[in-house]
Amino acid sequence: MKDIHARRHLLTAGAFALGTCFSVPASADWLDDIDVSFGGFVRAEMAARTTAMENPNNQGGNYFNDQTLGRTAFVPPALLPVLGGSDGLLQVLLPGTELGEWGSIAIPLYGDNIRRGDEIVSVDNDFNYTVLRAEGEVGIRFSPSLRLIARARAIYDPTFYDEWDARSVNQYNNGVEGGEDFDPRLYTGAPNYFDYIVAGGGKPNPLEWTGRDYQVYFPALVLEYNTGDFNFRIGNQQIAWGQSIFFRVFDVPNGLDLRRHSILDRALEEFSDKRVPMLSARVSWQMTDNILFDSYVGKFQPTVLGNPNTPYNIIPTQFTVQDRYEQGGYDDELVYGLRFKADYGQWGWQAAASRRYGPEGVYRWTKSGVNKQLTGPLGSLVNVLYAAKLPTTNPLCANYNATTCRRYADSGEALANTPFEASPGGVYTADEWFRYAAEVRLDAVTGLNASITDFDGSPDVYATPVENAQQAYAQLNTFFIAANDSLRGHIEREYFQENVFALGVSYVNESDNDFLNQLIFNLEAQYTPERTFTNITLGQEYIRQDEYTVSLVIDKWHRFFAEFPGTYIVFQALTKNRSDLVGRHLSGYGGKPFDQLDPEATRATTGKNDNANYIVFGFLQPFPNKIWEIEFASLFDPEGGIFVQPGVRWNPGKGVTVEGFYNYIDGQLWGNPNDNLLSTLDFAEEFTMRLTYQF
């Protein structure tokens, strides 16, 4: 029973096998015991779009590029005392008006109509993904107990895309500047497909070399010592503790690399091409015939997301991300864990405990650091009013009052101490703000308030917290006009330590019924106390709650037809109580665009009151002689989303494999699309083909 999962490993062997090995004879006596093996493959991969929809998270695919929307500017409530507020002239001139609220007094001369596409040019692509890949593995066996494994992978993207280049907006407000922690390779030029860039400019992934269009790294560079029941591996390696489609319950040691094809590769490969390798030591010990002990300690490596304006980017590029992996000292942190696995007859058991940093990271507003004053007619007026305030060094400002006192030299310095910069390629309208907040599962109303109350520069330029959606809408459009079109937001990515505990039980069914016989049941549960989540406001205080995940996996090989090999069948179900499958807190679900909200709503999200639930079904059917294989994988979100991936593989021989699969994604089957996971990937319907030569 030690190999009840071996069936599933066979599914990935075709894509990652390293061909026929050969031995190199030694010429010296001391080399007589050394064997060298070598193999590898080269592959061309492409994914053709099957819809007209570009990635809306990128500048060139933004929902609002070709729309003209009206914006109205309003007098900030913080300025009302200066102009004769609720107890003065304005109350006499405008009786009954709620003068203390945003939206109470319009400034008609400063309203406008804005078309985002006047600055941002839309793109139109036929392909989401085109890469050439080469992989080779060398194995050197020094003795029966000692060997070296070196697997190198090289990927090149010729970038045959219609790209949005940030240099095209340099004539607007001096272009995108970014701040002192800003790296121009991500936001000020053409898209960068492979560099993983963090604030501080370090190299996050050891044994990796990247550029705009290439990636070279070692998925494995390991020295392995094996004697009897003991196995020790040290080096750069991936540690796979789980074998599930889409789900990761026990599979916690490694983050994922989503720069290449996101999660849209062949699903039955079970993340084997996605785990980020880490410098680590791993010890396995077969304690008895039935019990296996496995452990590791390694350098923390986070999940790597797609870069701005690349095909599978998931963070809207109106926002600049400052990744604190190096600046926060996380690049020096260790993660570790252990697992026990036991098999007794038809039953199997496993338990694991890991201490790690959450690889997805968490996000919150951060200071932009961009000292750029507001421009345009309304922005110039704000600058004048700001300059008229007394500096805090004045004795009259001993008790600071944002209406009459200023902390900073000018509005540019004040903005540098907010999460915003007045630059192109940001958010242009309140409608854009509300829609994108909903799509990334954040709250548009309380998120605005957090950007004001958590930073002293925000109230300094007359921003004030709002009570409802209508007031947020009024304030947002006022400041977008004052910024002479758009404001870019700045967020930072941090990582927090967590303890992850997992338990699992498996059972191999024995039955007289041919289909039910040898059916494998796996029940796995994960518990993380006080896990840290991104606050749906992007506020400085993160959400910390206990989280559990439970999954059931049922699979087997079954022979339906005598003339065909067996069919692999798998069914999975998973439930999570705090976050969705990619780690977004469920309280951010249920958001809506502004025109679908009650103007008096105090928040823009409803949240999920129950768990996030997912169902998976898949199969693999080889044909006679295994020249052809058909496969199918699907992920269903009962809240109204589905991902279906049918595929076919052709193995004509001589090391050649041709694979094709189609990703169909619909996140709008019913209900609010922001209530299900898959609406986030609606844009990525595509057909993928891979041509591989194995040697």
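Is Asn174 buried or exposed? Hold that thought for a moment, everyone, and I'll come back to it.

First, a word on what we're looking at. This is a predicted model, where local features need pLDDT of at least 70 and side-chain atom pairs count only at pLDDT 80 or more, while totals for chains, interfaces and linings use all residues. Residues are numbered from 1 along each chain as its sequence is written, and side-chain values use heavy atoms, with hydrogens and water left out.

Now to Asn174. Asn174 is exposed, with a relative accessible area of 62%; exposed means over 50%, buried under 20%, and partly exposed in between, using a 1.4 Å probe and protein chains only. Asn174 sits in the loop between β5 and α4, and its phi is near 65 degrees, a positive value in a residue other than glycine. Most residues other than glycine have a negative phi. Thr159 is found in the loop between β5 (146-156) and α4 too, with a positive phi near 55 degrees. Thr159, however, is buried, at a relative accessible area of 15%.

Let's step back to the whole chain. There are ten helices and 27 strands, taken as DSSP runs numbered from the N terminus (helices H or I, at least four residues; strands E, at least two). The radius of gyration is 28 Å, close to the 26 Å that the globule rule gives for 695 residues, so the chain is as compact as a globular protein of that length. That radius is taken over C-alpha atoms, and the rule is 2.2 Å times the number of residues to the power 0.38. Along its principal axes, the C-alpha trace spans about 95 × 60 × 45 Å. Of the 695 residues, 56% count as buried.

So what is inside? The largest nonpolar core has 64 residues, and Trp365, Trp433 and Phe434 have the most contacts inside it. By nonpolar core I mean buried Ala, Val, Leu, Ile, Met, Phe, Trp, Tyr and Cys residues joined through side-chain atoms within 4.5 Å. Elements giving two or more residues to this core include β14 (362-365), α7 (430-439) and α10 (469-482). The largest share, nine residues, comes from α10.

Do have a look at Trp433 on the screen. Leaving aside neighbours within four places in sequence, Trp433 is in contact (heavy atoms within 4.5 Å) with residues including Trp365, Phe420, Leu448 and Phe480. Apart from this core lies another, of 51 residues, among them Phe194, Phe250, Tyr296 and Leu620.

Thanks, all!
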